[in-house]
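Here is a short tour for someone new to reading protein structures. Keep the picture open beside you and look up each residue as you go.

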2 protein chains.
Amino acid sequence: MDKVLLGHGSGGKLMHDLIRDHIGGPFGVSGAGDAAILDFPGSRLACTTDSFVVNPLFFPGGDIGDLAVNGTVNDLAMVGAEPLYLTAGFIIEEGLPLADLDRIVASMAGAAKTAGVRIVAGDTKVVNRGKADGIFINTAGIGALREGVELGAGRIKPGDRILVSGAIGRHGIAVMAERNGLAFEPPVTSDSRPLHGLAGALLSACPAGSLRFMRDPTRGGLATTLKEAALESGLSFLIDEASLPVPDGVRGACAMLGFDPLYVANEGILVAVVDPHWAEACLAAARGREEGGEAVLIGRIAEGRQGSVLLETVIGGKRLIDMLQGEQLPRIC
Amino acid sequence: MDKVLLGHGSGGKLMHDLIRDHIGGPFGVSGAGDAAILDFPGSRLACTTDSFVVNPLFFPGGDIGDLAVNGTVNDLAMVGAEPLYLTAGFIIEEGLPLADLDRIVASMAGAAKTAGVRIVAGDTKVVNRGKADGIFINTAGIGALREGVELGAGRIKPGDRILVSGAIGRHGIAVMAERNGLAFEPPVTSDSRPLHGLAGALLSACPAGSLRFMRDPTRGGLATTLKEAALESGLSFLIDEASLPVPDGVRGACAMLGFDPLYVANEGILVAVVDPHWAEACLAAARGREEGGEAVLIGRIAEGRQGSVLLETVIGGKRLIDMLQGEQLPRIC
């Protein structure tokens, strides 16, 4: 037996065997009991969920497994929480090779270890062939909020600076290239990685309150995240196009295919808005970490033009940026 | 526009509109921010996750929405926790009628209100037509563990009594009947409902430690749950077949179709193992609640025959009960 069968989702003996042999072991959980019981420090909890439906399941720089861990770890990190616990829900299409499941589970376990979080509860369902697409994974995350941390777009003030922690567009292009059998030069790999260490470094680099806001620009790309934040803050965001970190491979792929790198998904960078007096200190703190080595300041906050994002282009023009309309690259996470 | 489009999963404007107009409103959440920030009382947290892939989405007595809330509420209740917060992850097949989504979301919101839990975080993905089956829903749940509560199969002792809180087999038969266009007389409806009130009543009806174990027998049915508990406890479970509460409609459907009601899924009953001195008190406490009105004692725990479940049949025989082998009714939750 080298494929997942419909009976593996039955709740019976086959499912017990699947969980014992292929899931519980790598995650270090027994599978017994309806819910995990865990210590929780503090009184403020952060909680989030994300489902992953990326196609293909494996791509340069990552796979659906590490993506499912890093994506949820990063959502917790963006509100200033210390990620602690993850749950994992698998919806598997009948016929998935068990070798693929093993590879994905190992990748999740590795990513959890790297991020320092525990996968504490799980669920496995199997649906008929043709009623899913290999495997979908949902993760939910629980974190403990650091003392005194308060972040949010409502705290952004005119004059604040905007920091991006790394190059944009890598994840979306890597997935799209793999899906379509394309290769770009230089090669583009996904930036899937945990960001809570970087988020902690930014929080530590400046006094409480001077880091206003963090968010990771995933689906919809950097443009959509900037527009969301501008709308939530009621201020306008001015972006210097020349400062945007677009890798050559991403730039070439986008030029060839007619994509705008501003709208391509990322999985391992964050946008931060910070008090101008502490912008350089935050930049230095980001650059002091491997995952923030390419951090740059890309713009500033201004009054007026409520909720707008204005790109000051290399040739001296100005372009209004909106959220992604319709879809650019579906199923990238 | 009356159907979900692939672009609704893009992370851009369409998705924002979908969440604002069809999901965030009923749940009372804004959709802004990467993670919810919540108060947490106490120091012991219970956490669980479950994905729901039931087919069809709507069936007599419930739908995928209330099932997704009640299923996770019940997993928290079974470890003795007070359910507090739920996350909801939607994986939607392109083309799902928005009216179906609205109906499902309203059902979830209603079930959450009934159970007294808040849906605090969500995620929406859309996959291509033919790559899912209408909608899949994952819920994860967070609860606060009551002081002094310690439950588990390892606490079960010889002489303990086994309680079942209501009639078996209703959920699985209701879903199967709807899927196949069958009608049974009397009609069978799903027992989908929250069980944390009943669980709390059992915990309050006896001194700490005398309620040993609770679990809700969902996929795999009562037989699989009893076998799991027997294996985890290392003791043997003796079940009196004549005491099993099988509704006439379930009995008739199973006779006609060749199913065993012991293996048919339930969504609104629990199995409890309790100190024999407190068994009648727990039975009375269960019967004092609407959802426990049909509670009965179905057997007892004995030494020897490690991990076995023995059914003492109506005609005087004994039958060894194992977990569900293969599958009986797939996609029932």
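B:Arg103 sits over the face of B:Phe58, 3.7 Å from the ring centre. There is another case that involves two chains: A:Lys125 lies over the face of B:Phe52, at 5.6 Å from the ring centre. Keep in mind that this is a predicted model.

**Aromatic pairs**

- Over all chains, the structure holds 4 aromatic pairs.
- One of them is edge-to-face: A:Phe40 and B:Phe40 are 5.3 Å apart centre to centre, with 70° between their planes.
- A:Phe40 and B:Phe40 are both buried.
- B:Phe27 and B:Phe90 also pair: their ring centres are 6.4 Å apart and their planes meet at 15°, so this pair counts as stacked.
- Here distant parts of the chain are linked, since B:Phe27 is in helix H1 (residues 13-27) of chain B and B:Phe90 is in strand S5 (residues 81-93) of chain B, 63 residues apart.
- B:Phe27 and B:Phe90 are both buried as well.

**Strand S1 of chain A**

- In a regular strand, side chains alternate between the two faces of the sheet.
- Which strand does S1(A) pair with? The partner is S2(B), in the antiparallel sense, over 4 bridges.
- Within S2(B), B:Cys47 is the bridge partner of A:Ala36.

Notes:
Residues are numbered from 1 along each chain as its sequence is written. Chains are lettered from A and ligands numbered from 1 in the order in which they are written. This is a predicted model: local features need pLDDT of at least 70, side-chain atom pairs count only at pLDDT 80 or more; totals for chains, interfaces and linings use all residues. Side-chain values use heavy atoms; hydrogens and water are left out. Rings of Phe, Tyr and Trp (its six-membered ring) pair if their centres lie within 6.5 Å; planes under 30 degrees apart count as stacked, over 60 as edge-to-face and the rest as tilted. Buried means under 20% relative accessible area, exposed over 50%, partly exposed in between (1.4 Å probe, protein chains only). Helices (H or I, at least four residues) and strands (E, at least two) are DSSP runs, numbered from the N terminus. A charge sits over a ring if NZ of Lys or CZ of Arg is within 6 Å of the ring centre and within 35 degrees of the ring normal. Two strands pair if DSSP finds at least two bridges between them.
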